[in-house]
Amino acid sequence: MMGRIHSVESFGSVDGPGIRYVVFLQGCPLRCAYCHNPDTWPLAGGTEMSAQELFQKIRRYKPYFGEEGGVTVSGGEALLQPEFVRELFLLCHSEGINTALDTSGCVLGEAVLALLEETDTVLLDIKMTTEEAYATYTGGSLAATMAFLQELHRRGIPTWVRQVIVEGLNDTPEDIQALNALMAPYDNIVKVELLPFHKLCRSKYEKLGIPFRFDCYPETREATIRRLQPALVLPGKQYKGRRGGCLNRSK
Ligand code: SF4
């Protein structure tokens with residue numbers, strides 16, 4: 001199975017547990033106003049590679065993954081190429097390598113459900129907490145993300161929730177309460193991360209001739225993240241692991 005790859009990072013430490021080989025896939029149906037990688041948007045770009053070829057590159061890093069690390073597939077939107085990612089994850093599992101998906105959860109269908117069978121951890125972006133804001137700032141639907149989260153919960157897949165914080169847009173205690181309310185029913189959420197909005201990507205927008213809609217907002221200060229962090233409520237504090245057993249074949 002061939003996939004379209006934007007780029008890779010061989011020693012990622014922020015996209016899932018431990019040290020990870022991170023694969024950024026090409027193509028995304030959303031248009032987040034704060035997107036760092038607008039060059040990932042067109043599905044037609046990137047480099048074509050087979051799952052087998054990519055796995056041969058990944059396995060060279062296996063000694064660095066340790067107990068916790070592994071492979072994370074991100075984007076763009078990883079769920080646009082579910083068959084390719086599933087094949088890659090099957091190869092990873094055949095050698096005991098842990099798998100994670102970093103996604104907005106905007107796609108659900110048979111191929112995605114099959115991919116979840118081979119996914120150990122999900123990093124889920126809940127980009128905005130109301131339908132209106134989600135549609136305005138991403139072009140997508142919060143309901144789709146929540147339906148995906150419900151499926152992760154049904155399967156008991158450990159999930160990290162992430163949200164980009166933009167000062168003046170979603171940085172009040174009420175905004176965090178709204179996020180808490182969305183997450184509350186899902187005890188498979190084992191970690192929540194608030195990420196600061198940055199504008200390092202401005203030159204990419206200029207080069208592509210695409211307007212950077214959030215250029216008007218300031219970069220988010222670390223102090224803002226520190227102020228909001230204590231208001232987060234983690235639903236999966238007592239989470240005991242994937243229902244039906246952990247998929248990580250390395251354990
Ligand atoms: S989902 Fe990610 S890659 Fe797609 S537009 Fe949003 S931030 Fe960019």
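Mentor: Let us begin with residue classes: Ala, Val, Leu, Ile, Met, Phe, Trp, Tyr, Cys and Pro count as nonpolar, Asp, Glu, Lys and Arg as charged, and the others, Gly among them, as polar. This is a predicted model, where local features need pLDDT of at least 70, side-chain atom pairs count only at pLDDT 80 or more, and totals for chains, interfaces and linings use all residues. Residues are numbered from 1 along each chain as its sequence is written, and side-chain values use heavy atoms, without hydrogens or water.

The ligand takes up the space of the largest pocket (more than half of its atoms lie within 2 Å of the grid points). Around the ligand (a heavy atom within 4 Å) are Cys-28, Leu-30, Cys-32, Cys-35, Thr-40, Trp-41, Gly-76 and Lys-127. By class, this shell holds five nonpolar, two polar and one charged. Gly-76 belongs to the loop between strand E4 (70–74) and helix H3 (82–94) (DSSP runs of at least four residues for helices, at least two for strands).

Now the pocket itself (an open set on a 1 Å grid where a 1.4 Å probe fits, with protein on both sides within 12 Å along at least five of seven lines; lining residues have an atom within 4 Å of a point). Its 29 lining residues include His-36, Asn-37, Asp-102, Asp-125 and Val-164, which lie nearest the centre. Strands E5 (98–103), E7 (159–165) and E8 (189–196) are the elements giving two or more residues to that lining, and E7 gives the largest share, three residues. In all, the lining has twelve nonpolar, ten polar and seven charged residues.
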